[in-house]
Amino acid sequence: MKPFSFLKNLIIIAIFSITVSSLEAMNLTPRTSFTYWPEALLTTPKKPENITWTPDGRYYLLSSDEKVYIGLASNPEYPNSVTSGSGKILWLGTAQELLDDQGPKEYILSVSDKNYVAKALLPRLTTEAERSFEKNVTITTADFASNSNLAAIGQSNGEIILLRHLSGVKKFLEDGKLKGHVRAVTSLSFSPNAEYLASTSNDGALFVWKVSNNNVLEYQLTGAKNKLPVRWHPDSKKLIIAENSKRLVVRNLQDVVLQTINLTAPIKDFSLTPDGKQIMALGTDNVIYVYNFLSGDFTGFIPAFNKTEITSFALNPEETKIMVGHKDGTVFLMNLADVYMAPKASTSSGLGNKSGRNSKKSIKNQQNDEQSEKTQSGPANANATGFGKFRDPHSIEIRADFKLFQSPYSMGGGIEIGYTNASLLKPFYFGGLVKLDLGFPGTDFPYQYHDANGNAIPAPDLAGASFVIPVGYSFFPMSNDFEIFSEIQGGVVVHTLYLPGVGASQFAVGGTVGLATGVAWKQITLYIGGNFDFVAGFLFTGGLAYRIEF
């Protein structure tokens, strides 16, 4: 009986340890309801794409296009901004070097789209080391080792370049190339002890390289063909991998699955809390879900406070504050205790509002969103949609359409490209589109034209170009990805009759007005409409469009 009693006690102790670990994670009790609405820390001109904290939590950093914003955690309202001068920031990271005689030094590493890598000392951003790559190299991702002297640069050709910084040398020295991936590197992650580097690629492979002394491939683990990153556990012995958007697995370096975590909702990013006890997963619905690392239980969530896509988030090392950036440039810095909600918590917004330089904007955001938030509860509905959600401020649209002409032209088609703006006339959008199209005559074309030289054009094509200004309104009735819109168009059109090998008639210039309505899923759009052309007459239109938002 003694072995059985011992086993029984061991099981009880294990269950108790897991329970205590779950309760101690982040040292917070999730709220069941709240009336808190955060203020925007700042609004960046471009979407914030990289948010991070220094290892001691003194500074937060975020990048937006070519700018890097640096702020003190103790005085967060007034971040300094620095223009990189070397292009758009692709990746931003921090590291700390511990010195016995001088105290810790904290560094920032940045990689730009102009193939420039720089390591600078905080807080004055004094450049310690830099490196420029040839133009034919396309950098896709990067990472910075915790010991601050080693960087890894991933490329579109699958190669990984290791850069080492030696004390007193202003240039990064190449420490070798890691070759194994056959497609673009999608994520890099140094282990916390800086001994290993994990890399993933579009080829689906997950490699673990030993970089402490010989830069060789040490392990090959089961990967996944997605662009989600891999994360190390603080013990440097386990990796968290996204098998797909709804399942995370924990593997050791021998590729043994230690834990499977089934997620509440599909995710597009995730991270491990600094203490290694919780996983924070960013859902496609803009909710940040929290799971216990040991048990895999869903323990709470952080609701969305902005109707545009979350582009980056980061928890501070003390696990007391979270910073969240959105596609419209809004950045929130929030106390975790204020926004960490229990799984079935009500997310009704209240009137509570802190004072500060952005309080007017926060009140306006709150008033706009209050009605839609009142009826929502739980993470599945924590991000409101509907008439309050706007298109992204700027977009380039490429449209391919077809036309059903009046007689004697049977049909036609064309392609157009242009720009639309959804921020100046909210809730409406407007822009400008340039179109080239071609109409084809019916088989019973009854007319015959002649060009300037007297050559017959028996059944000519109708070539044209136009410039139109669309003005429309869109709303999102079901999710942030599904859009319904309607727009009117007005502009000028130029037509000419054309037959290959024969010639063309003179240009005919006229006006054009039209109406279009359609639906969009993410960046793909389908639409139908009608158009009156003062040269060609009335015609029905329909088409497919791709919208590049920025």
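This is a predicted model: local features need pLDDT of at least 70, side-chain atom pairs count only at pLDDT 80 or more; totals for chains, interfaces and linings use all residues.
Strand β31, which spans residues 428–441, shows an alternating arrangement of side chains. In general, side chains of a regular strand alternate between the two faces of the sheet. In β31, one face carries Tyr 429, Gly 431, Leu 433, Lys 435, Asp 437, Gly 439 and Pro 441, which are buried.

Two strands pair with β31. Strand β30 (residues 409–421) runs antiparallel to β31, and the two are joined over 12 bridges. Within this pairing, Ile 417 has Val 434 of β31 as its bridge partner. A hairpin is formed by β30 and β31, with 6 residues between them. Strand β34 (residues 461–475) also pairs with β31 in the antiparallel sense, over 10 bridges. Here Leu 436 stands opposite Ala 465 of β34.

Attention now turns to charged side chains. Side chains of opposite charge can pair when their charged atoms come close. The model contains 24 salt bridges.

In one of them, the side chains of Glu 49 and Lys 88 meet with an N to O distance of 3.1 Å. Glu 49 lies in the loop between β1 (40–43) and β2 (50–53), whereas Lys 88 lies in the loop between β5 (75–83) and β6 (89–97), 39 residues apart. Glu 49 is partly exposed, because its relative accessible area is 30%, and Lys 88 is likewise partly exposed, at 27%.

A salt bridge also joins Glu 106 and Arg 58, at 3.4 Å from N to O. Glu 106 belongs to strand β7 (residues 105–112), while Arg 58 is found in the loop between β2 and β3 (59–64), 48 residues apart. Glu 106 has a relative accessibility of 2% and therefore counts as buried, whereas Arg 58, at 41%, counts as partly exposed.

In the pair of Glu 159 and Lys 179, the closest N and O atoms are 3.6 Å apart. Glu 159 is located in the loop between β11 (150–155) and β12 (160–164), and Lys 179 in the loop between β13 (173–178) and β14 (185–190), 20 residues apart. Glu 159 counts as buried because its relative accessibility is 17%, under the 20% cut-off. Lys 179, by contrast, is exposed, with a relative accessible area of 61%.

Definitions and conventions:
Residues are numbered from 1 along each chain as its sequence is written. Side-chain values use heavy atoms; hydrogens and water are left out. Buried means under 20% relative accessible area, exposed over 50%, partly exposed in between (1.4 Å probe, protein chains only). Helices (H or I, at least four residues) and strands (E, at least two) are DSSP runs, numbered from the N terminus. Two strands pair if DSSP finds at least two bridges between them. A salt bridge is a side-chain nitrogen of Lys or Arg within 4 Å of a carboxyl oxygen of Asp or Glu.
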